[in-house]
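Please look through the report below, which takes up a sheet, a pair of helices, the domains and some backbone details in turn.

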Amino acid sequence: MGSPVTEIEADLSFEHVPETDQSFENALEKARDGDRLTVDDAVELLTTGTDTDGIDRRRKERVLEAADRRRAEVVGDEVTFTANLNNNVTTACNVGCLFCNFKDTARTFERDADVETAGFTKTPAESREIVADAVERGIYEVCSVSGLHPAFALDDEHRELLEAHPEPKEINYKPPEVYETNPGTYVDQIAAMSVDGVHVHSMTPEEAYHARRGTDWSYEEVYRRLKDAGLDTVPGTAAEILVDEVRDVICPGKIRTDDWLEAMEAAAEVGLGMTATIMYGHVENEAHRALHLKRVRDLQDRTGNITEFVPLSFVHRNTPLYEQGVIDGGASDDEDELLIAVSRLFLDNVDHIQSSWVKYGDEQGLKMLNCGADDFMGTILSEEITKRAGGDYGEFRSFRDYVEMITSIGRIPVERSTDYEKRRVVDPDDPPFGPRLGPKADGTPLLEGERRAPADD
């Protein structure tokens with residue numbers, strides 16, 4: 001959409017600020033009673049009261065307790081996880097989001113580039129080989145989120161329209177022949193990853209925008225074609241903060257809040273399930289976080305298709321926002337815990353809240369399971385996005401890891417499918433531990449110990 005940003009001139013004087021006429025005690029009482037919370041209620045809970053500066057630890061613990069109690073009422077003591085693989089197709093991207101260090105400038109991927117790219121692009125055949133190998137080992141979900149490669153088109157018809165466009169630069173398009181590696185089309189990649197009944201979780205609203213650029217096609221048309229190619233569910237990433245004054249700072253070239261919501265509603269309209277996310281802990285404040293939660297809850301009221309909400313704590317190292325001094329760090333542990341807890345209390349129409357061990361690590365990730373979260377991600381097998389931004393917590397979790405961690409806090413480990421329709425309680429007294437829900441899963445561990453890469457490899 002936009003061009004890369006090289007210097008940041010951030011105006012952080014926002015219209016939305018964490019000031020309310022509500023009180024913390026009233027907000028907490030409503031939360032405990034199960035009343036539907038307002039944005040002001042959420043602000044009071046996220047700040048532990050706007051009448052005081054900083055986080056009040058005693059008030060925080062009361063919020064966490066209310067959220068944990070709600071979690072127990074809604075989903076019980078089960079903690080779910082999946083056997084999945086991340087297969088991100090390309091790091092090539094020209095959008096220039098300032099929170100991201102996953103991307104590599106698309107120019108460096110061109111055949112005549114004077115520098116060697118630090119990134120990667122996979123062909124559909126390579127994606128298929130990677131996914132097929134993982135399916136053989138027992139995974140049943142592939143998650144794919146990629147950069148907006150200029151050569152990407154939705155399908156062959158879209159490619160013809162892009163080739164005929166009078167101003168290809170305006171629509172961020174260059175033909176595949178320009179690049180060392182041809183990523184194919186989105187339909188090609190989805191079809192390639194749709195191996196032996198694996199669940200394909202891909203095509204964010206931002207990618208859907210890229211897949212319709214230069215046309216008058218609706219998001220419904222885009223998602224319908226992708227569904228026909230094998231897409232099963234849509235990851236609600238690219239949401240970041242669903243308030244445009246924040247997006248103007250951190251991702252000015254990215255789709256707007258209304259575009260994100262429109263794309264998600266379109267995915268639901270064609271029958272695709274979806275998740276929703278928030279990326280917090282950068283330039284936004286508690287009022288923005290509360291508004292974001294309201295927009296997700298309203299979307300769920302309209303669609304009913306969101307299976308889980310995924311809070312993503314901003315990993316700041318190696319990102320332009322941090323390197324250019326706009327921010328000096330990410331969210332604190334207190335903020336992380338309150339965001340999980342308030343998500344559980346506010347999103348009364350979303351059953352599952354995820355704790356991301358990739359963002360929080362094992363110890364803090366487990367703590368989140370006592371703050372309102374009930375899902376603990378998946379095995380992943382490969383994770384590039386957070387690692388490139390300076391994350392410390394590795395790329396893989398085995399079923400044994402999950403069983404040991406979840407039982408250590410007195411909870412019940414449960415293997416689940418992406419859509420939560422299939423579930424299997426894992427008996428901690430019956431090793432070895434491996435997936436059983438996938439098309440080729442037989443309980444065998446996904447990776448043997450000697451094949452596991454250390455977190456800093």
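## Strand β1 and its sheet

Strand β1, which covers residues 78–82, is joined to β11 by 2 bridges, and the two strands run parallel; strands here are DSSP runs of E with at least two residues, helices are runs of H or I with at least four residues, and both are numbered from the N terminus. Two strands are said to pair if DSSP finds at least two bridges between them. Within β11, Asp375 is the residue that stands opposite Thr80. The model is predicted, with local features requiring pLDDT of at least 70 and side-chain atom pairs counting only at pLDDT 80 or more, while totals for chains, interfaces and linings use all residues. Residues are numbered from 1 along each chain as its sequence is written, and side-chain values use heavy atoms, leaving out hydrogens and water.

Both strands belong to an open sheet of 4 strands, ordered β11-β1-β12-β13, in which the pairing is mixed. Its edge strands, each pairing on one side only, are β11 (375–378) and β13 (423–425). On average, neighbouring strands of this sheet are turned by 25° against each other, direction ignored. In general, strands of a sheet pair through backbone hydrogen bonds, either parallel or antiparallel.

## Helices α13 and α14

Helix α13 (residues 333–346) packs against helix α14 (residues 357–368) at an angle of about 45°, and their axes are 10 Å apart; the axes are lines fitted to C-alpha atoms over the stretch in contact, and angles run from 0 to 180 degrees between N-to-C directions. That angle makes α13 oblique to α14, since angles under 35 degrees count as roughly parallel, over 145 as roughly antiparallel, 65 to 115 as roughly perpendicular and the rest as oblique.

The contact, meaning heavy atoms within 4.5 Å, involves Asp333, Asp336, Glu337 and Ile340 of α13, together with Tyr360, Gln364, Lys367 and Met368 of α14.

## Domains

The domain assignment, which is automatic or from a database, gives domain 1 (24–73) and domain 2 (77–90 + 137–148 + 201–425). The C-alpha centres of domain 1 and domain 2 lie 23 Å apart, and the contact takes 21 residues from domain 1 and 28 residues from domain 2.

## Backbone details

Most residues other than glycine have a negative phi, and most peptide bonds are trans. Thr48, in the loop between α2 (39–47) and α3 (57–75), has a positive phi, near 55°. The peptide bond from Pro431 to Pro432 is cis, with omega near 0°, and Pro432 is found in the segment after β13.
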